[in-house]
Amino acid sequence: MPVERRNFLLGAAATLAAVPARPDASVPEQDVPEQDVPEQSAALGAAGKDFPKVCGNLGNHNHSPLKKITARNLDRLGGAWHLNLEGGSTTAPQQSTCVAENGILYVQTTQQNVFAVDGRTGALKWKTNLGTKQTNMRGVALGEGLVFSTSGANIVYALAKETGQVVWQRRLITEDEGGGDTGGCDPQNGQCGGLTGTLAGAVVYWDGLIYVGMQGSTGGARGRAYALKAATGEVAWTFWACPGEGQFGNDTWEGESWKSGGAVPWIHPAIDPDLGLVYWTFGGSYPRLDGSGRGGDNLFANSIVAIDAKAGKRKWHFQSVHHDIWDLDNVMAPVLVDLRIGRGVRKVVVYGSKAGMFYFLDRATGEPVHGVTERPVPQDARQKTAPTQPFPGGAPFITQAPEFGKATRPVPFYAWGGLYTPHWDRATIIFPGAGGGADWAHLSFNPHTGWIYVGYGLINSGFSNSRDGRVNTSRPLGEYFAGGIAAVDPRTNKPVWTLDREWSLAHGNGILTTAGRVMFQGGPDGVLHAMDDTDGKILWSFQCGAGVHTSPISYEIDGEQYIAVLAGGNGLPYPDIPRGDHLWAFKLGGKVAPAAAPVPPKKRNDIRAAAVAGTTVTLGRVWDAANQRPGPAENTVAQNAMSPQHLRVPKGTAITFVNPADNAFAHAAVSFFECEFDSGVLMPGQSFTHTFATPGEHFYNDAIFPQNTGKIVVY
């Protein structure tokens, strides 16, 4: 077997297992007893009175052993305090999860500020600004009396924990800005291609080192993960996700495509101190949707890599998607769990998944614990698609194709299919899409039930390459968005239950479980929920004032348990998620009232072009807003090739849809999902008129070029 087709490099061969097509969506009616879960390795650490790192401990359990807040007293849970970190006026999204130590919360904002806040009162202890170049901030690390943060200018900072003063800073090189430390890269040896990108992901501290990842850029960054010495910021090692010439895995990239191949690690890793390994997940190949110029499996894109935590050398890897052309990058914070399977205890790492299924891998060898089948998948020679893809034993926790009875019903006239359906120049809908499945919501491992909990999104993606190779139609306009939460038994890799809910819960909507047997998760509408950990039933809700796209945490001060969360909104998957800067803490007997409910996001992928009054729509043309008229040239690839794209008219208005005589192609305007009108095929020079008698929003698209989508609002 060629090395690039092997999914683990050590250990026995994987057992073959079939994957059922549909998980059991039922919820158990009876109480679930505590499971026979072995005690987890003490080396991973554990949250307690403190919540000292993002996701709680080195194994990313996102679990608190505090148990004073329970289902029986949730009616007494209320706001302990509330703080607007940026003064209450902000439109920037916030993705930073808090950490807590000795009664102090530490948190970042997109505005490049780091805060220390009194966990009892919400009083600001200190605030340090790290610049003005905004980027996603996902959490600081604590260690050696320091607070470690990154900045949008690609600088890593160490701040004094007591004062916030800068102790050291280290700039990591970027091609467009230059300067800084090369991270072990010698520009003279040809190994440094693609040094664009931005530092991203929560920082992790362990045993004198801090671990920092990066996210991509539009030009295609070459992914890399860094370890820096905590005392000085000196780069200890750099792991290149797209191997250079002469390095293991370089032959899985066609030509020099590795130099801009992506595979960026934009979420923080897990660390097993017993094995001395750091587990990092790497993003998809670049160009994301076009595989025609990067033949091969493209290691270590779409992979989890076990790396020697001190030396930065690969020990093993597992690739979940070969030669990705769907942006199914499976980047997440891996979870380290000790499981009792049969008569033995297995130390596993949990990996996945946008694709809607988990891989449970032996932490020492990478061997799939529940087996993996390499199954043939649909092919397109132009995309140089991989002949097979790996499917784990067990069952997916969501379906893996659009369903007409759910939010994933495909927008009409698109080609569509299930997981790994290829695309070329015709827009093709698949599910799970780039924002579907579990995406990057932080998981939780609950030692009381023994289950893994995950939020998921029910969001299609429509993929295509236009004739000049540009990416199109990441999410079809007019489609519906939704999501839910699932509990998965890691001993079988099968869902115990799945609960579809009204919001996508896959973009930073982390889950915190607690020993009080309640779990917490927030949503894009700003509501934080407390749920029963046995069945997901909602027991308590609180409006935080902005979308919650961070993980809740729990900590204790003088015997009193608190829950805290930053609610600041996000830009995905709903562009209109309410934004803010609300840092909340909750306790039993808390008296601070909920925030005013913001306008919730629209559950449909809306058209956001300004409304225009009129009675004519020109098909196949992009609206010239400056001159308030259709553009001069036909366009068959843009989503906004309707002129105007957004029309607002009174009830009873007759609208004429025109295919101009100088267009080269036939067009058609067809209403979906309300089925208000159908123009039929209009050849160049033909038109169709319809009188709108029903108030409301009417989405329609072009039956010939379905990504071209418009909306008519009738009042």
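Two strands count as a pair if DSSP finds at least two bridges between them. The strands themselves are DSSP runs of E with at least two residues, numbered from the N terminus. Keep in mind that this is a predicted model, where local features need pLDDT of at least 70 and side-chain atom pairs count only at pLDDT 80 or more, while totals for chains, interfaces and linings use all residues. Residues are numbered from 1 along each chain as its sequence is written, and side-chain values use heavy atoms, with hydrogens and water left out.

**View 1**
Start with β47 (residues 696-702), which runs antiparallel to β48 and is joined to it by six bridges. One place to look is Gly-696, which sits opposite Val-714 in β48. To get from β47 to β48, the chain goes through a hairpin of six residues. Now find β43 (residues 646-649): four bridges join this strand to β48, and the two run parallel. Here His-646 is the residue facing Lys-711 of β48. As a bit of background, strands of a sheet pair through backbone hydrogen bonds, either parallel or antiparallel.

**View 2. The two sides of strand β48.**
In a regular strand the side chains alternate between the two faces of the sheet. You can follow that here: Thr-709, Lys-711 and Val-713 point one way from β48, whereas Gly-710, Ile-712 and Val-714 point the other way. Is β48 buried or exposed? Six of the six residues in the strand (709-714) are buried, so the rest of the structure largely encloses β48. (Buried means under 20% relative accessible area, exposed means over 50%, and partly exposed is in between, using a 1.4 Å probe and protein chains only.)

**View 3. Lys-354 and its salt bridges.**
A salt bridge here is a side-chain nitrogen of Lys or Arg within 4 Å of a carboxyl oxygen of Asp or Glu. Lys-354 makes one with Asp-329, and their closest N and O atoms are 2.8 Å apart. Lys-354 comes from the loop between β20 (344-351) and β21 (359-362), and Asp-329 from the loop between β18 (314-319) and β19 (335-341), so this pair ties together parts that are 25 residues apart in sequence. Lys-354 also forms a salt bridge with Asp-439, with 4.0 Å between the closest N and O atoms.

**View 4. Asp-338 meets Lys-347.**
The side chains of these two residues, Asp-338 and Lys-347, come together in a salt bridge, 3.1 Å from N to O. Asp-338 is buried, at 3% relative accessibility, but Lys-347 is partly exposed, at 34%. Across the whole structure, a search finds 31 salt bridges.

**View 5. An open sheet of four strands.**
The order to trace is β11-β12-β13-β14, with antiparallel pairing. At the edges are β11 (198-206) and β14 (235-240), each pairing on one side only. Between β11 and β12 (residues 209-215) there are six bridges, in the antiparallel sense. To spot one, look for Thr-198, whose bridge partner in β12 is Gln-215.
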